Amino acid sequence: MASKQMFAPAGCDACNVEDANFQCFTCGTYYCGVSCQMSHWPLHKDLCIPRLVMATPPRENSSLLTQNALSTNAKTLSAAPNLVKIPKPVTNGVAMTKMLPDLQTRKDNNGPVTNGVAAKKTALDVETVKDNIPAGAVSNREKPAINAIKAPLQAPKPSQPAEAVANNENPAPKPLKTPLQVLNALQSGEISVVKGKIVPKIEPPRTPKPLQRGPFPAPGRHVKISFVGKDMLYIYDSGLGPNGEPNSFEMLISRTLDCAMHVTDCLSAPPVIEEIVFAPFEDDYYRSVVKSVQNGIAEVFFPDFGNSMKIEWKKLKEIPDEKLKYAEVVTHPVWIDNVKSFTPRVNEYLETIVDLHEFVLTTVIDMPSTHIRMVDMRHSIQQYVLSEKLLALQQPESSLNLKTKLVAQLRQPNSALKLVATNPNTYKPVYYSEMIDTNISVSKGVELVVSYALHAFNENKISVINKSNQVAYEKTTKDCQTYGQIDPNPYNPQKQEVCLVKVKDIWHRAAPVNFKYGKPVQFYLLDLPAFTDEIKDAPVRRYPPGLTRHLFAVESIVENPEFLLQAIHGDENKVEQLPGVTIRANVYQTIEDDIIHLNVVSYEKGSLYAL
């Protein structure tokens with residue numbers, strides 16, 4: 001068995017250590033590793049951009065084909081005294097030739113030979129080879145080397161000057177200075193490697209930044225209609241903003257009008273699709289999104305209202321304020337629950353209430369695979385439910401007197417509204433951090449209503465609500481019963497959520513406070529307020545999106561419970577009759593316990609939908 005053929009170990013061009021196992025991918029220079037390559041780069045950079053590969057024995061390298069081709073001119077090459085060719089294995093098909101004195105000088109001087117010297121000697125060798133290549137066919141594996149010699153401009157190195165490749169159809173990218181710069185450019189995407197060559201990144205055509213939508217109004221918020229579309233409406237929150245500030249829609253339109261007023265020049269070139277520009281509408285300019293441009297006419301969509309129109313693109317204007325240009329859209333497209341399409345009569349009616357009539361959102365349902373919500377709402381003054389009114393308008397007049405049907409839809413403020421069971425597929429949990437607490441005024445003669453009094457005489461504690469909140473409190477407690485009865489879907493709430501729970505046949509707004517085996521067993525009833533005993537398998541339902549987040553009851557300590565005893569004829573066993581009693585009390589608060597204290601001065605029996 002033949003022994004493995006060995007080759008002389010090569011020294012590192014940077015530190016002169018023998019047995020260097022890595023070499024430059026382009027020219028074959030040997031190195032110990034990346035650190036030696038980087039330290040040698042200032043001298044090496046004039047020849048190539050290095051990349052390290054594992055070294056291979058010269059006899060097994062394909063470059064020997066080039067050496068064999070060169071051997072036919074041994075006489076010419078041997079004319080130079082004391083010159084011995086030492087082939088370096090390379091992968092680009094170009095055979096680099098070095099002289100033995102170079103290697104000996106590098107070892108004797110204990111330092112690297114400058115690339116300038118190596119380049120001159122290599123060039124001489126290559127020129128000699130070029131002059132002595134025999135005519136005739138050569139193998140395919142020799143062609144890269146010969147082609148590189150005959151037509152060097154067709155394969156320029158990155159270190160070549162720009163003039164050398166100015167006329168090339170595929171010029172090389174601008175040369176990079178260090179390996180780290182190459183790696184950083186690859187990482188950032190400025191360059192890429194295609195078939196072993198570095199090519200610059202091709203920038204994609206610029207596309208306008210899309211607009212983002214703002215948060216959708218929560219159930220209970222007041223909204224108005226901005227535009228009647230095809231079988232849908234565009235609505236916006238018309239209620240006050242935080243701390244009594246104007247709402248986001250009013251602020252956005254005010255900023256738009258103010259900015260557009262100071263823009264005088266129209267566009268000088270056609271806009272691109274989806275570009276955001278100012279477009280005129282009814283003598284004012286508003287934000288618009290370009291949807292198409294053809295024959296000098298642009299079709300634009302007004303995202304802050306919902307309507308579209310066609311206009312000459314030369315009448316459009318730039319929006320100089322970037323914050324305004326990309327401000328969130330606060331107008332939202334919606335479908336009306338149970339109303340699949342709008343008849344001409346429905347459209348005619350809806351057009352008469354655009355921007356004029358205010359509604360309260362009662363139902364909001366997130367629809368899958370679309371940003372359009374399914375909603376229902378009631379008129380804030382006339383109290384009719386919009387879906388019911390629109391359905392009535394769709395009925396033929398001959399089927400029933402239209403006026404009678406519309407009157408049937410009108411509801412008094414205290415009338416029961418149509419409530420819809422919570423959809424489990426679109427439900428978003430409600431957390432008690434979203435609930436809005438109430439306050440009792442610390443003053444004399446405050447008018448209150450007793451809402452819960454089970455511990456009035458054994459612990460001197462009762463829960464009260466402001467007299468002004470009595471109607472809202474009663475409506476909330478009744479809605480709890482209705483929602484709990486129509487919702488057939490059990491629910492397992494998690495910590496910090498609020499829900500509906502049934503205790504002693506009454507549905508309450510509640511928050512779970514104690515869990516066993518992942519299920520709640522004790523609740524805090526928000527409208528008493530009071531803790532339940534531990535209860536097993538209590539019926540629990542999701543908190544309805546249309547149910548108010550406002551809380552009404554406040555727990556307090558009665559300083560003179562004997563006065564309240566008179567309201568139930570002195571019989572403590574009739575304590576369940578206290579809810580609904582209106583009292584006047586002097587209210588104060590102590591620093592020590594931060595609890596409301598009441599000194600009752602009068603009472604008046606009344607009725608309250610008690611829990």
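Residues are numbered from 1 along each chain as its sequence is written. In this predicted model, local features need pLDDT of at least 70 and side-chain atom pairs count only at pLDDT 80 or more, while totals for chains, interfaces and linings use all residues, and side-chain values use heavy atoms, with hydrogens and water left out.

Q: How many helices and strands are there in the chain?
A: Helices (H or I, at least four residues) and strands (E, at least two) are DSSP runs, numbered from the N terminus. By this rule the chain has 15 helices and 24 strands.

Q: What percentage of the residues in the chain are buried?
A: Buried means under 20% relative accessible area, exposed over 50%, and partly exposed in between, with a 1.4 Å probe and protein chains only. The chain has 611 residues, and its buried share is 41%.

Q: What share of the contacts in the chain with a separation of 6 or more comes from residues 24 or more positions apart?
A: Contact means heavy atoms within 4.5 Å. Among contacts with a separation of 6 or more, the share from residues 24 or more positions apart is 61%.

Q: Is strand S13 largely enclosed or largely open?
A: Strand S13 spans residues 358–366. Seven of its nine residues are buried, so the rest of the structure leaves S13 largely enclosed.

Q: Which strand is joined to S13 by seven bridges?
A: Two strands pair if DSSP finds at least two bridges between them. Strand S6 (residues 222–228) runs antiparallel to S13 and is joined to it by three bridges, with Lys224 partnered by Glu358 of S13. The antiparallel partner with seven bridges to S13 is strand S14 (residues 373–379).

Q: Which residue in the turn of the hairpin formed by S13 and S14 has a positive phi?
A: Within this pairing, Leu361 stands opposite Met377 of S14. Six residues lie between the two strands of the hairpin. The turn residue with a positive phi, of about 65°, is Ser369.

Q: Which strand pairs with S14 in the parallel sense?
A: The pairing comprises three bridges, and in it Ile336 has Val375 of S14 as its bridge partner. The strand in question covers residues 331–336 and has five of its six residues buried. It also pairs antiparallel with strand S7 (residues 233–237) over four bridges, where Tyr236 is partnered by Thr331. The parallel partner of S14 is S12.

Q: Which element gives the most to the largest nonpolar core?
A: A nonpolar core is a set of buried Ala, Val, Leu, Ile, Met, Phe, Trp, Tyr and Cys residues joined through side-chain atoms within 4.5 Å. The largest has 28 residues, and those with the most contacts inside it include Phe249, Phe278 and Val300. H9, S8, S9 and S10 each supply at least two residues of this core. With five residues, the element that gives the most is H9.

Q: Which side chain makes a polar contact with the side chain of Asp304?
A: Asp304 lies in the loop between strand S10 (297–301) and strand S11 (308–312), and is buried with a relative accessible area of 2%. Beyond its neighbours within four places in sequence, the contacts of Asp304 include Phe249, Leu252 and Val329. A polar contact is a pair of N or O atoms within 3.5 Å; within protein, one must be able to donate a hydrogen and the other to accept it, and residues adjacent in sequence count only if both atoms are side-chain atoms. At 2.8 Å, the partner side chain is that of Arg287.

Q: How many residues of helix H12 are buried?
A: Helix H12 spans residues 386–394 and is mostly covered. Its buried residues include Leu386, Glu388 and Lys389. Of the nine residues in H12, the buried ones number seven.
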